[in-house]
Amino acid sequence: MSDILTKAMTKDGFFKIAAAVTTDTVNAAHTYHQTMPVASAALGRLLTAGLLMADNLKEKDASLTLQMRGDGPLGTLVIVADSQGGVKGYVANPAADLPLKENGKLDVGGGIGRGTLGVIRDLKLKEPYIGQVPIQTGEIGDDLAYYFMQSEQIPSVVALGVLVDRDYTIKSAGGLLIQVMPGCDEKSLSMLENSIQGMMSVTEMLNHGMNAKDMIEYAMLGFDVEFLEDIEIGYRCNCSRDRMERAIVSLGKQEIQDMIAEQGDAEIVCQFCNQAYRFTGEELSMLVEKATRK
Ligand SMILES: [Zn+2]
């Protein structure tokens, strides 16, 4: 069983919708990073958002990066989504723990704190597109809706949910993104607003056993919706020895020589999937040459 993302559009072209169940994806992140509940919820929401937002990456190596740089105990969160339905991410302090909020919910906003949200769309065409806004609440869904409005002028509903089980595994996770397209009329817009106001949260929808398609049908009740495609999504890391070599070369000659002098050899661990790559002193010396030739 794998996670599924479903894309849809209303037939009048006024709303673009994406929904996803990401339980397995977020569970993989929890296993890789041994996240405590607040970190699971924060990273899970951001991973889900990345998958929902990555739908316009057409080129093969295109990617979408979301960075939350807040001053809360979780530290920085980074996720990278690719054009094939894969996503990976990390949180600086996966063990950070905070008391529950008064309403019994995980305090994601408190965990993230205040700072900046960065969005980088690298479409592999020219320069990557970089947008940045101040973090509003740290609850992630609100922050991304604010980003869409400020940076892309697209009114959006961003609903994200992660439910952590008693044993800290992920019971359910998912999200819903509704975007208002240019030309949308007032009547349709107020119809959507009414629908959203009485809507269950994403975690409640998942608790009711809804899949991505159900979530879209539920949120867009009364609209004429056309389903476009289902995509298999998941936690995928595309690191390789080759990529790590390039990362070392990019450090520059001096840095690599210092590494050889201090440690002799080096072990580099992928921050997304914990895969370790070992380089002997001899291999590092060859990389010094590559860095020199650059
Ligand atoms: Zn990796």
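This is a predicted model: local features need pLDDT of at least 70, side-chain atom pairs count only at pLDDT 80 or more; totals for chains, interfaces and linings use all residues.
**View 1. Strand 3 pairs with strand 6 in the antiparallel sense, with eight bridges between residues 63-70 and residues 115-122.** Strands here are DSSP runs of E with at least two residues, helices are runs of H or I with at least four, and both are numbered from the N terminus. Two strands count as paired if DSSP finds at least two bridges between them.

Residue numbers start from 1 along each chain, as its sequence is written.

**View 2. The open sheet has 10 strands in the order 7-6-3-4-5-10-1-2-9-8, and its pairing is mixed.** Strand 7 (129-134) and strand 8 (156-164) sit at the edges with a single partner strand each, so one side of each has no neighbour in the sheet. From one strand to the next, the twist averages 15°. Helix 1 (residues 23-33) packs on this sheet and touches strand 1 (3-10), strand 2 (15-21), strand 5, strand 8, strand 9 and strand 10, with its direction at about 125° to that of strand 9. Helix 4 (residues 141-152) lies across strand 6, strand 7 and strand 8, and runs at about 160° to strand 8. For these angles, axes are lines fitted to C-alpha atoms (for helices, over the stretch in contact), and values run from 0 to 180 degrees between N-to-C directions.

**View 3. Strand 5 is mostly covered, with six of its six residues buried.** Buried means that 20 or more other C-beta atoms lie within 10 Å of the residue's own; 12 or fewer makes it exposed, anything in between partly exposed, and the C-beta atoms are placed from the backbone. Gly 86, Lys 88 and Tyr 90 point one way, whereas Val 87, Gly 89 and Val 91 point the other way. Strand 4 (residues 77-82) runs antiparallel to strand 5 and is joined to it by five bridges, with Leu 77 standing opposite Val 91. Three residues separate the strands of this hairpin, and there Gly 85 takes a positive phi near 85°. Strand 5 also pairs with strand 10 (residues 225-235), this time in the parallel sense over two bridges; Val 87 has Tyr 235 as its bridge partner there.

**View 4. Leu 177 is a residue of strand 9 (residues 170-180).** Is Leu 177 buried or exposed? Leu 177 counts as buried because it has 26 C-beta neighbours inside 10 Å. Setting aside neighbours within four places in sequence, its contacts are Ile 17, Ala 18, Leu 52, Met 53, Ser 156 and Val 158. A contact here means that the C-beta atoms of two residues, placed from the backbone, lie within 7 Å. Val 158 is 19 residues from Leu 177 in sequence, yet their C-alpha atoms are 4.8 Å apart in space.

**View 5. Ile 140 and Tyr 168 both have a positive phi without being glycine.** Most residues other than glycine have a negative phi. Ile 140 is in the loop between strand 7 and helix 4, and its phi is near 75°. With 29 C-beta neighbours inside 10 Å, Ile 140 is buried. Tyr 168, in the loop between strand 8 and strand 9, has a phi of about 75°. Tyr 168 is exposed, with 12 other C-beta atoms within 10 Å.
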